[in-house]
2 protein chains.
Amino acid sequence: MGDDLLIIDGIVKTDTGVDDLASGYVAVSSGLIREVGMMSELPDPVRLAAAKVIDASGCLVMPGLVNGHNHCAMTLFRGLADDLPLMTWLQEHIFPSEASFVSPEMVYWCTRLAAAEMIMSGTTTVADGYFFEDQAARALKESGMRAVVAQGVIDFPAPGVPDPSANLHPPAELIKAWQGDRLISPAIFCHSAYTCSPETIISAKQLARDAGVLLFIHLAETAWEVEELQRRYGLRPMRHLQRLGILDEETVCVHSVWLVPDEIELLNDCGSGVITCPESNMKLASGAAPVARMLAAGTRVGLGTDGCASNNDLDLFGEMQSAALLHKLIGQDPTLLPAPQVVRMATAGGARVLGLQYETGELSPGKKADLILVDLQKPHLTPCYDLDSLLTYAASGSDVKSTIIDGVLVMEERRLLTIDLEETMTRVNSLADQVRKSF
Amino acid sequence: MGDDLLIIDGIVKTDTGVDDLASGYVAVSSGLIREVGMMSELPDPVRLAAAKVIDASGCLVMPGLVNGHNHCAMTLFRGLADDLPLMTWLQEHIFPSEASFVSPEMVYWCTRLAAAEMIMSGTTTVADGYFFEDQAARALKESGMRAVVAQGVIDFPAPGVPDPSANLHPPAELIKAWQGDRLISPAIFCHSAYTCSPETIISAKQLARDAGVLLFIHLAETAWEVEELQRRYGLRPMRHLQRLGILDEETVCVHSVWLVPDEIELLNDCGSGVITCPESNMKLASGAAPVARMLAAGTRVGLGTDGCASNNDLDLFGEMQSAALLHKLIGQDPTLLPAPQVVRMATAGGARVLGLQYETGELSPGKKADLILVDLQKPHLTPCYDLDSLLTYAASGSDVKSTIIDGVLVMEERRLLTIDLEETMTRVNSLADQVRKSF
């Protein structure tokens with residue numbers, strides 16, 4: 001029995017502490033990376049027995065990227081309302097559009113479009129949070145993506161959840177439906193500590209604990225939020241969560257822009273992870289998260305794009321660059337967030353936050369075969385002195401040539417194999433026509 | 001006699017104040033945009049007589065981008081030394097590498113690589129500043145790019161200028177050789193007010209005035225520079241230039257990060273233009289220029305990538321996004337640098353700073369035909385509610401399908417027509433091998 005896939009002649013970016021291989025191979029069997037080695041040591045019988053051989057010459061073979069925060073279905077709202085004050089944007093554009101246009105069908109097709117964009121830009125794992133999340137799970141599963149799929153919980157009537165007192169039913173059902181799936185991990189997403197009561201957050205965490213799934217929450221995204229929580233509860237965001245007893249290793253705090261050193265220490269003591277979304281935080285003028293400080297303190301930090309309404313694309317390569325540049329500027333120190341650290345944050349770092357560190361984020365034997373081929377034969381990637389620098393400061397999602405998830409080739413030479421792109425774009429465009437007419 | 005090029009069925013982005021055309025054509029004759037109109041009004045004889053018809057269906061047709069600041073030949077040093085303190089970077093890596101490896105041959109091939117990258121990412125005009133600038137002019141001319149080509153002037157021995165007392169000879173020769181060229185405008189680049197004496201700057205400006213060419217200078221890039229100029233001359237950077245008498249409409253101040261309001265006022269009184277390079281300023285932790293304030297004051301501001309050693313790519317789409325995001329964050333206001341303003345800065349705005357506003361930066365009859373086709377049929381550009389938003393926040397250089405400069409098709413369907421890319425990359429890679437060996 002041969003390997004399912006054999007990737008040959010690539011520059012292989014390993015995470016095992018030894019040097020990257022200038023000319024190496026990766027053997028993939030039953031969804032796993034079976035072996036990594038130098039071409040000169042590839043036995044002929046292995047080569048001959050492989051079901052499919054992928055020529056990676058001129059390409060870097062590296063772990064697929066992990067997008068730690070997305071609202072996939074919001075592709076529908078990409079560029080709908082930009083350059084507006086946060087509250088105008090939310091209350092006059094995003095919330096009304098969501099109330100009118102979020103449906104199971106919308107979540108399915110718009111998540112599918114997001115999956116197409118992510119696969120084409122090298123993301124192999126995504127953490128999603130939205131409503132009608134069963135449809136998001138379906139779309140992501142069909143696309144072949146690895147995903148943490150978190151049903152939104154909020155104390156207002158929401159798409160698919162007209163009665164907020166029943167807002168924990170959908171996540172409970174989602175967990176029942178998807179737990180144990182090979183690609184999809186269900187989870188719960190409490191929108192925030194200002195839109196969810198302490199009781200809601202506590203109950204959601206209880207449900208998450210009972211089921212052994214992650215709890216996500218947008219936390220300390222804006223200065224307004226910090227003030228609001230202090231006004232309501234007399235505590236800063238992280239202390240508020242601590243008092244609710246929800247901070248543990250299975251809680252993920254998204255954004256965490258306005259944390260003070262004392263809260264970072266608390267975060268580390270509790271072991272909760274953070275997803276940072278620099279472009280969204282910049283675009284909405286929310287602030288710059290203390291990422292360099294969190295990383296220095298040992299906090300698990302992953303990178304996310306956030307949804308398309310506030311980014312407006314899902315290209316994690318762009319997000320890597322923005323993270324590296326932003327924190328140098330803000331910290332007034334060009335040595336902060338060096339390229340290797342940023343690449344790690346977008347791969348193994350994100351996997352650790354999502355509890356997927358034993359599955360994805362690294363290119364080493366035994367891990368799931370979540371791999372991308374980055375075509376280095378481009379003018380903007382020439383010359384190559386340092387791979388991490390190229391990936392962080394010069395590469396973009398469009399340089400990804402092929403994408404493999406769970407051992408399955410989902411994009412080959414820029415052609416999507418699991419998604420009918422034309423049909424998906426047509427569907428989303430016709431939903432967008434309805435949005436357009438409503439304004 | 002028919003048109004040289006007829007672009008049909010595109011979404012045409014006009015700058016004439018009327019709405020963009022959902023389905024339009026652009027007729028190009030003798031290097032100029034002859035006519036812009038709706039497909040429904042395109043006369044059959046015009047269509048039949050065109051030498052070449054370009055199908056732009058699914059594409060946006062827009063003015064080519066203007067990169068207001070580059071050191072093209074520094075593609076050789078892309079990613080050579082990242083994430084380092086500014087002075088270590090400059091003194092231990094960039095200056096020694098330049099001293100060892102900058103030669104006429106290096107400038108020619110590495111500028112050619114830059115031209116390939118720029119054309120492929122939608123830039124049709126570039127302002128370059130380096131040494132052996134005659135070779136840069138040659139490479140850019142051969143690539144078919146429109147360029148302002150400025151010979152570097154500095155009071156130290158420099159590549160090709162071993163004797164600083166003769167540092168105005170090369171620009172004088174460059175001007176003689178290239179003035180009046182259809183594509184190339186020669187100019188002078190005084191490195192900075194801390195590496196050029198008042199006498200050098202004054203003489204350079206005299207030469208520029210006599211020849212009717214632009215004078216560029218890196219100004220107020222770092223806080224250190226401001227302190228240094230105050231220490232030496234008792235004046236802030238802009239006041240220092242004013243005292244030297246060099247501020248006029250033909251002087252371009254690059255970076256202008258550390259300007260105070262009083263200096264912005266002075267800038268406007270004198271009519272000098274500014275090129276801002278947000279990614280370079282972020283990467284080197286130099287600071288954030290007061291771009292929103294300058295634009296509000298009416299300063300002419302264009303966008304530049306800076307050289308590859310401090311960016312590390314030449315994609316102006318990425319630079320547009322970084323500019324829009326950065327200034328929202330820094331100004332704590334998401335309405336700052338809205339997408340239309342950013343797109344203007346990267347097109348007509350840059351052209352105005354370079355004195356090319358009557359030639360390029362706008363899609364209207366009579367202007368030079370410097371045009372790009374952006375392929376909108378991509379998942380990350382779907383749906384499309386607002387073209388400027390898509391261009392600023394979601395598009396990247398790789399979405400450019402075809403590039404036309406001065407009425408000549410230089411890239412068609414991602415294939416370069418004026419540059420042998422493989423040969424160019426091979427040449428630069430072999431120069432990079434030498435750089436690699438020296439460390």
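I looked up the contact between the chains; it takes 53 residues from chain A and 53 residues from chain B. I note that this is a predicted model.

I then asked which elements build the side of chain A that touches chain B. Those giving two or more residues are H3, helix H10 (278-283), helix H12 (316-330), helix H14 (387-394) and H15 of chain A. H15(A) gives the largest share, six residues. I sorted that side of chain A by class: 29 nonpolar, twelve polar and twelve charged residues.

Next I checked how H3(A) and H15(A) pack. H3 covers residues 104-120 of chain A, and H15 covers residues 421-437 of chain A. Their axes lie 9 Å apart, at an angle of about 130°. That angle falls between 115 and 145 degrees, so I call H3(A) and H15(A) oblique to each other. Their crossing is left-handed.

I listed the residues that make this helix contact. From H3(A) they are Met106(A), Trp109(A), Cys110(A), Arg112(A), Leu113(A) and Ala116(A). From H15(A) they are Leu421(A), Thr424(A), Met425(A), Arg427(A), Val428(A) and Leu431(A). By class, the contact of H3(A) with H15(A) has nine nonpolar, one polar and two charged residues.

Last, I turned to the largest nonpolar core. Which of its 308 residues touch the most other members? They are Val61(A) and Val61(B). I followed up Val61(B), leaving out residues up to four places away in sequence.

Methods:
Residues are numbered from 1 along each chain as its sequence is written. Chains are lettered from A and ligands numbered from 1 in the order in which they are written. This is a predicted model: local features need pLDDT of at least 70, side-chain atom pairs count only at pLDDT 80 or more; totals for chains, interfaces and linings use all residues. A nonpolar core is a set of buried Ala, Val, Leu, Ile, Met, Phe, Trp, Tyr and Cys residues joined through C-beta atoms within 7 Å. A residue is buried if 20 or more other C-beta atoms lie within 10 Å of its own, exposed if 12 or fewer, and partly exposed in between; C-beta atoms are placed from the backbone. Two residues are in contact if their C-beta atoms, placed from the backbone, lie within 7 Å. Axes are lines fitted to C-alpha atoms, for helices over the stretch in contact, and angles run from 0 to 180 degrees between N-to-C directions. Helices (H or I, at least four residues) and strands (E, at least two) are DSSP runs, numbered from the N terminus. Angles under 35 degrees count as roughly parallel, over 145 as roughly antiparallel, 65 to 115 as roughly perpendicular and the rest as oblique. A crossing is left-handed if the near helix is turned anticlockwise from the far one by less than a right angle, and right-handed if clockwise. Ala, Val, Leu, Ile, Met, Phe, Trp, Tyr, Cys and Pro count as nonpolar, Asp, Glu, Lys and Arg as charged, and the others, Gly among them, as polar.
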